[in-house]
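Q: I would like to learn how to read the features of a model like this one. Please take them one at a time, with the general idea before the case.

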Amino acid sequence: MAPTTTSIAGQLRQIVYYHLDNISYDNALFFAERLVAHDPRSSESPYLLALCHFRLGDYQSAYEISKGVGYRGTNLSCSYIFAQCCLVLEQYKDGIMALEKTKGSWSRKSNLGKHNATNRAQHPDTASMACLLGKLYRAYDDKKKATLNFEEALKLNPFMWDAFTALCEMGVTLRTSNIFKLNDTLLDGLVPDQLSGILSEQKDSGAINPTEPQPKKTARSAIFEMGDPFDSQRAAAGNETTLGANFLSGENDFMWKINAARSRMAATTSSTTTSTESGYEPVETPTSNHHDSNIPRINYPPEPPQAPVRKTRNVQPMESGFADMPSKMGYRAGTKRTQKLHDKSQDDPLTESNPSLLRPAASAASGIERKRTVSGQPVQPRQPPEEPGAPQRRSARINMFRGNAKANSGAPTVGPSRELKKTRGTVSRIVRPNSSGSNVGRAVSGNRKPLEENGMDVDQAEAPRVREPQPQPPVAKPAEPEIKVEETLKYLLELLKKFGSGYLALSQYRCAEALTFYNSLPRAHQDTPWVVSQMGRAYYEQAAYAEAEKYYRRLRILARTRLEDMEVYSTILWFLKRETDLSFLAHELVELSWHSPQAWCAFGNAWSLARDHEQALRCFKRATQLDPKFAYAFTLQGHEHVANEEYEKALTAYRQAISADRRHYNAYYGIGRVYEKLGNYDKAHIHFHSASVINPTNAVLICCIGNVLEKQRQIAQALQFFTKATELAPHAAQTRYKKARALLALNQYAEAEKELEILKTMAPDEATVHFLLGKLYKGLNNKGLAVRHFTIALNLDPKANHKIKEAIESLEDDDSFDDSMMA
């Protein structure tokens with residue numbers, strides 16, 4: 001019979017997913033094309049084909065293939081992959097429209113926890129769809145809608161890290177304590193799925209017995225296992241199977257060892273005693289519900305009708321005559337033969353004549369009696385005076401229940417057909433859910449009263465073993481994994497809160513707070529490349545270049561092939577004037593990845609430090625060609641144009657940087673510098689202010705605003721910015737110098753003297769500091785100290801000879817403050 005179209009398509013889908021999971025994208029693409037050819041009407045076929053092209057980096061093909069179904073919004077997965085292609089290919093409007101059309105079919109539940117080795121979610125969940133839509137709106141320059149979608153993604157799934165980082169980069173005000181916390185949606189979607197997975201794993205591990213002889217399984221046992229692989233589930237199905245579940249959960253390994261030992265004993269006994277003790281008559285067993293003895297009793301399904309059938313096996317001496325049974329065919333016999341054997345069972349000397357088989361015979365006999373009794377049918381009560389072997393049988397039964405596995409491990413055994421007769425009474429009594437052993441009789445509903453009426457010789461020492469498992473029902477186990485899942489989620493969210501707080505603080509340029517959060521992370525996380533890079537970036541934004549260089553040098557050791565943030569490292573080396581280190585870094589990065597913009601930025605910085613601005617410009621332009629959204633490369637181009645006094649080109653480069661990243665404060669700073677050089681102080685003030693709004697903790701930006709105000713003769717306002725800059729960067733000598741100069745201009749000599757004394761300690765060999773001190777003491781009419789500091793300034797900077805001499809000659813004059821030397 002030819003296979004159906006549906007079955008062929010299903011198998012092809014399985015093959016495609018197989019190759020996708022094994023990162024064999026070429027194979028996946030080949031079979032995805034076969035799937036489309038075989039089942040072109042299905043909406044999943046173009047999705048899988050587009051997914052294969054997307055994984056291979058062929059975004060244009062993926063876009064074209066998924067456009068038909070994805071743009072209409074009829075298949076959620078196809079629309080998702082289509083929108084991903086639109087994001088890469090900058091077709092933002094198409095992607096937005098495709099996702100907006102699918103909003104009605106978004107699943108409100110989270111798919112987190114539904115992906116494992118055997119399962120995957122069929123479609124993306126709402127958090128993933130909203131995050132992608134937010135990225136498209138952000139690229140489309142719709143900040144409001146982008147923010148709404150990112151927030152929705154984080155509400156549904158706080159582990160959407162890219163949504164959080166996007167909000168931080170957009171400058172949105174956030175509270176990490178409200179984001180990284182457990183919510184009802186996460187718990188409702190995650191915990192039940194994880195619990196079911198945990199329980200199934202536990203049952204899998206409980207059902208697999210390491211001592212089970214797997215190669216010897218029969219076809220029937222395999223069918224049983226396929227139909228009901230978890231015996232603990234079957235045991236919990238009714239009251240009559242409670243003890244079976246307890247054995248599975250607690251004593252599975254122990255009981256299987258007993259069964260295996262008995263099987264080996266039975267097999268050996270059959271091969272040895274048939275040739276030596278043939279005087280016993282073959283014993284026949286009822287065959288109405290006979291099963292292969294190789295099937296482990298632990299895999300048997302509940303068989304309520306078997307107890308009445310097994311009660312007819314009331315033969316006591318059959319164990320001593322086991323050796324005479326050549327095959328299973330000899331077991332089939334009528335009622336007369338069974339009655340005859342029952343008569344023989346009252347003869348105890350028979351067992352005494354075979355001392356080697358005394359223990360198994362006794363145990364089997366007692367097991368048969370128990371099974372006969374539990375059946376509920378009337379039986380002849382046993383007479384202790386007429387059965388001198390009864391105590392031995394009871395002790396033998398107890399020994400077999402507790403510790404006979406060790407003794408049987410070396411005993412002769414019978415073949416598989418004998419093992420059923422020899423061990424069925426005892427093994428069934430212990431393991432099978434509906435058997436009639438002394439333990440099971442206490443667990444099975446309705447068995448307690450017949451046991452008492454029939455006066456079975458039940459040892460009281462066995463009672464505690466039977467009643468122990470009952471207070472521990474298997475249903476109570478799921479409570480423990482639920483607590484563990486919730487605790488794990490809380491731990492991860494608390495850890496993520498620290499990461500998020502540090503990232504948010506750094507995105508808002510609160511560098512000291514960011515460093516505090518990152519230092520509070522566990523040591524193992526602090527040593528990861530991402531955290532080391534973030535901490536180095538925080539020191540860089542504080543202009544602590546020496547400390548930042550230590551972190552980036554460590555980053556190069558941890559992740560030699562990492563390219564992210566290497567443009568920052570190259571800029572740090574530029575500020576530190578490490579020409580050799582910078583050249584070595586640039587060559588390493590270019591050899592590592594010729595097509596990375598970070599490598600070309602490092603190369604450009606190396607040429608810039610060597611004062612070859614033309615070569616530097618070529619490198620920076622190459623970086624922007626490789627990544628048109630790489631804002632920092634445009635900014636570096638602008639810096640080089642300023643060095644070449646090409647101000648119009650510099651303005652163009654800075655504006656391109658702002659177009660690539662609206663919050664790139666370096667570009668606003670560059671435009672402000674250009675306008676300041678051109679004498680347009682109003683525009684310079686506007687751009688410096690825009691940069692300081694983005695980065696309010698940067699002392700250089702605030703100082704630039706003060707400079708512009710000072711040049712506009714707004715000294716009082718300029719002093720406020722200089723004071724703020726000094727508070728932000730107390731070790732910045734240039735900022736403190738400008739503050740002292742503004743204080744002198746406002747005739748605040750006392751405050752100016754304090755600042756200059758601090759400045760003299762920080763820069764004792766700086767001529768401008770001593771020149772300003774001379775001006776200060778001149779204003780205080782302290783001519784001696786004024787002449788002294790003017791002389792020191794003259795010795796430190798002979799080029800300023802003319803200015804300093806004029807200042808000394810004007811000591812007797814009441815000239816207003818002049819700082820032309822510093823201009």
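A: Start with T528, which is partly exposed because its relative accessible area is 28%. T528 sits in the loop between α28 (523-526) and α29 (529-541). Keep in mind throughout that this is a predicted model.

Q: Which residue is 30 residues apart from T528 in sequence, and what is the C-alpha to C-alpha distance in space?
A: That residue is L558, and the two C-alpha atoms are 7.6 Å apart. A second case of this kind is G113, in the loop between α6 (92-101) and α7 (126-139). G113 and L186 are 73 residues apart in sequence, while their C-alpha atoms are 9.9 Å apart in space. G113 counts as partly exposed, since its relative accessibility is 31%.

Q: How should I read the pockets, and what is the volume of the largest pocket?
A: The general idea is that rolling a probe the size of a water molecule over the atoms shows where empty space is left. Here the largest pocket has a volume of about 2,200 Å³. It is lined by 49 residues, and R138, E169, K629, A660 and D661 are the closest to its centre.

Q: How many residues of each class are in the lining of the largest pocket?
A: The lining of the largest pocket has 22 nonpolar, 19 charged and eight polar residues.

Q: What are the volume of the second largest pocket and the residues nearest its centre?
A: The volume of the second largest pocket is about 1,300 Å³. Its lining has 48 residues, and those nearest its centre are A543, Y545, F575, Y669 and V700. By class, 25 are nonpolar, 14 polar and nine charged. Helix α35 (residues 631-643) gives the largest share of this lining, with seven residues.

Q: Moving to cysteines, how many disulfides does the structure hold?
A: The structure holds zero disulfides. The check is a distance between sulfur atoms, with a pair needed within 2.5 Å. For C78, the closest cysteine sulfur is in C85, and at 9.3 Å it is too far for a bond. For C601, the closest cysteine sulfur is in C619, at 9.2 Å, which is again too far for a bond.

Q: Are C78 and C601 buried or exposed?
A: C78 counts as buried, with 0% relative accessibility. C601 is also buried, with a relative accessible area of 0%.

Q: How do I read aromatic pairs, and how many does a search of the whole structure find?
A: A pair of aromatic rings is described by the distance of the centres and the angle of the planes. A search of the whole structure finds 22 aromatic pairs. In one of them, the ring centres of Y63 and F82 are 5.1 Å apart and the planes stand at 25°, so the pair is stacked. Because Y63 is in helix α4 (residues 59-72) and F82 in helix α5 (residues 76-89), this pair ties together parts 19 residues apart in sequence. Both Y63 and F82 are buried.

Q: What kind of pair do the rings of W594 and W600 form?
A: The ring centres of W594 and W600 are 5.1 Å apart and the planes stand at 80°, so this pair is edge-to-face. W594 is partly exposed, at 47% relative accessible area, whereas W600 is buried, at 11%.

Q: Which residues do ring pairs link into a cluster?
A: The cluster consists of W161, F164, F180, F499, Y503, Y518 and W530, linked by ring pairs.

Q: Where does a charged end sit over a ring?
A: One case is R34, whose charged end sits over the ring of F30, 4.6 Å from the ring centre. Another is K577, which lies over the face of W574 at 4.3 Å from the ring centre.

Q: Last, the backbone: what is the phi of R713, and where is R713 placed?
A: R713 is a residue other than glycine with a positive phi, near 65°. It is placed in the loop between α39 (699-711) and α40 (715-728). R713 is exposed, with a relative accessible area of 72%.

Q: Which loop holds N781, and what is its phi?
A: N781 is in the loop between α43 (767-779) and α44 (783-796). Although N781 is not a glycine, its phi is positive, at about 65°. N781 is exposed, with a relative accessible area of 65%.

Note on methods: Residues numbered from 1 in each chain as written. Predicted model: local features only at pLDDT ≥ 70, side-chain atom pairs only at ≥ 80, totals over all residues. Heavy atoms only, no water. 1 Å grid on protein atoms, 1.4 Å probe; cavity = no way out; pocket = protein on both sides within 12 Å on 5 of 7 lines; lining within 4 Å. Points joined across faces, edges and corners; volume = space filled by probe spheres on them. Nonpolar A, V, L, I, M, F, W, Y, C, P; charged D, E, K, R; others polar. Helix = DSSP H or I, 4+ residues; strand = E, 2+ residues; numbered from the N terminus. Buried < 20%, exposed > 50% of the residue type's maximum accessible area, 1.4 Å probe, protein only. Phe/Tyr/Trp six-rings, centres within 6.5 Å; stacked < 30°, edge-to-face > 60°. Lys NZ or Arg CZ within 6 Å of the ring centre and 35° of its normal.
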